[in-house]
Amino acid sequence: MTAMTTDPSSGGSRSMNDAHRVLVLNSGSSSVKYQLLDMRDRSRLATGLVERIGESTSRLVHTPLKGGEPRERTGRIADHEQALKAAAEELAADGLGLDSPELAAIGHRVVHGGLRFSEPTVITDEVLTEIERLVPVAPLHNPANITGIRTAQVLRPDLPQVAVFDTAFHTTMPEAAARYAIDVETADAHRIRRYGFHGTSHAYVSRRTAELLGRPVADVNVIVLHLGNGASASAVAGGRCVETSMGLTPLEGLVMGTRSGDIDPAVTFHLKRVAGMSADEIDVLLNKRSGLVGLCGDNDMREIRRRVDEGDERAALAFDIYIHRLKKYIGAYSAVLGRVDAVVFTAGVGENSAPVREAALAGLEGFGLAVDAGRNAVRSGEPRLISPDDARVAVAVVPTDEELEIAGQTFDLVHN
């Protein structure tokens with residue numbers, strides 16, 4: 001049966017098959033990122049960012065991608081509803097208004113879906129209630145996601161709204177990987193387990209890596225290294241995540257721009273007892289004043305590498321700690337998978353920092369891993385192999401595209 005929906009511009013009904021655009025919204029606590037995509041050829045029609053929402057210095061940058069120059073607005077944007085209305089006005093100015101019958105759905109990035117949501121989900125009142133129930137385990141992210149959803153529902157109440165969850169890809173982890181070794185009753189009562197994040201990126205990149213190798217997804221084992229200001233690793237066996245580095249929150253795992261990653265939990269008790277720090281102060285320390293910025297004062301890998309090249313010892317130590325943690329996870333996930341067909345780098349640092357890629361794999365020749373220096377030095381926006389032709393394990397750089405992944409999952413759901 002062909003799905004029908006109301007076309008507000010005509011007062012009649014139309015087939016969902018006539019609608020081929022998806023608006024992707026990523027609502028943060030003080031920002032909204034958006035992209036409008038044409039799913040016939042998976043191309044972008046426009047992108048935009050509204051930042052510093054609620055401040056006097058709010059800023060909207062809108063870029064139409066099929067002709068036209070970027071446009072900028074400045075001045076106070078009071079809340080997310082105003083932000084989305086401003087974005088809708090910019091889209092309408094390009095003939096891409098939200099009232100268009102070509103708009104099939106709005107896809108929302110939702111950070112935490114818990115165990116219940118393992119697939120993209122059409123948002124109902126019940127679904128929204130469950131996302132709200134997950135706020136205690138995602139206090140920085142889910143409230144902003146909910147605000148974006150509710151605002152979009154006001155703007156287009158007739159349109160399917162779809163939640164695509166960062167945690168969904170990782171729900172395939174076995175219990176041995178997902179459980180913490182704490183009292184089971186306490187863990188279950190408070191939903192304490194390893195959920196993982198960056199799932200849309202890991203899903204997209206692992207699938208694109210299989211395509212790059214010319215092999216079916218089901219036949220490929222991949223270690224994905226999503227290295228940005230936030231960073232995570234995953235072990236993906238035949239398209240299914242079997243292990244990932246982030247846990248209950250995005251704090252666990254790799255060294256990140258401002259987050260510590262793995263740390264002895266007793267450090268928090270020690271800071272409370274000896275330094276007199278409160279839980280909130282420790283939270284800020286580990287999430288915002290740790291990682292690379294805590295080690296050397298910078299969280300931009302380009303600046304850190306510049307300092308390393310100039311002989312800065314603090315920057316060099318921060319870089320070495322970052323790389324040491326990466327190598328530990330590559331080794332651990334090689335053991336988890338048993339057979340590794342590819343190690344793939346993605347996100348801002350992974351895609352653009354040749355020194356990080358080289359250093360992360362240096363000395364791992366025994367694992368079949370090597371980098372071709374010439375290939376590694378090439379800058380490109382395309383998926384590519386950077387390992388030698390005779391390497392036992394492929395090493396790849398695959399640019400991530402979380403918005404396209406969200407749009408694709410959203411479009412597939414509303415058209416099924």
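**Close-up 1. His 226 and the pairing of strands E11 and E14.** In this predicted model, His 226 stands opposite Thr 346 in E14. E11 and E14 pair in the parallel sense over five bridges; two strands count as paired if DSSP finds at least two bridges between them. Helices (H or I, at least four residues) and strands (E, at least two) are DSSP runs, numbered from the N terminus. Residue numbers start from 1 along each chain as its sequence is written. As the model is predicted, local features need pLDDT of at least 70 and side-chain atom pairs count only at pLDDT 80 or more, whereas totals for chains, interfaces and linings use all residues; side-chain values use heavy atoms, with hydrogens and water left out.

**Close-up 2. The six-stranded sheet and helix H11.** Six strands form an open sheet of mixed pairing, in the order E13-E12-E11-E14-E16-E15. Its edge strands are E13 (240-244) and E15 (384-385), each of which pairs on one side only. Helix H11 lies across E11, E12 and E13, running at about 160° to E11. Axes are lines fitted to C-alpha atoms, for helices over the stretch in contact, and angles run from 0 to 180 degrees between N-to-C directions.

**Close-up 3. The largest nonpolar core.** A nonpolar core is a set of buried Ala, Val, Leu, Ile, Met, Phe, Trp, Tyr and Cys residues joined through side-chain atoms within 4.5 Å. Among the 40 residues of the largest one, Leu 225, Leu 227, Tyr 322, Leu 326 and Val 356 touch the most other members. Elements giving two or more residues to this core include strand E12 (231-237), helix H10 (301-309) and helix H13 (354-361). H11 gives the most, with ten residues. Neighbours within four places in sequence aside, Val 356 is in contact (heavy atoms within 4.5 Å) with Leu 227, Met 301, Phe 319, Tyr 322, Ile 323, Leu 326 and Val 349. A second, separate core of 30 residues includes Val 22, Met 39, Val 164 and Val 398.

**Close-up 4. Ala 315 in helix H11.** Ala 315 has its place in helix H11 and is buried, with a relative accessible area of 0%. Buried means under 20% relative accessible area, exposed over 50%, and partly exposed in between (1.4 Å probe, protein chains only). Apart from neighbours within four places in sequence, Ala 315 is in contact with Cys 296, Ile 304, Arg 307 and Val 308.

**Close-up 5. Strand E5 between E4 and E6.** Seven of the nine residues of strand E5 (residues 43-51) are buried, so the strand is largely enclosed by the rest of the structure. E5 pairs in the antiparallel sense with strand E4 (residues 31-38) over eight bridges and with strand E6 (residues 59-64) over six bridges. Ala 46 in E5 stands opposite Leu 36 and also opposite Pro 64 in E6. The bridge partner of Leu 49 in E6 is Val 61. Four residues separate E4 and E5 in their hairpin, and Arg 42 in the turn has a positive phi of about 60°.

**Close-up 6. The eight-stranded sheet and helix H15.** Eight strands form an open sheet of mixed pairing, in the order E7-E6-E5-E4-E3-E8-E10-E9. E7 (71-74) and E9 (121-122) stand at the edges with a single partner strand each, so one side of each is left without a neighbour in the sheet. Helix H15 (residues 402-415) packs on the sheet, touching E3, E4, E5, E8, E9 and E10, and its direction makes about 125° with that of E8.
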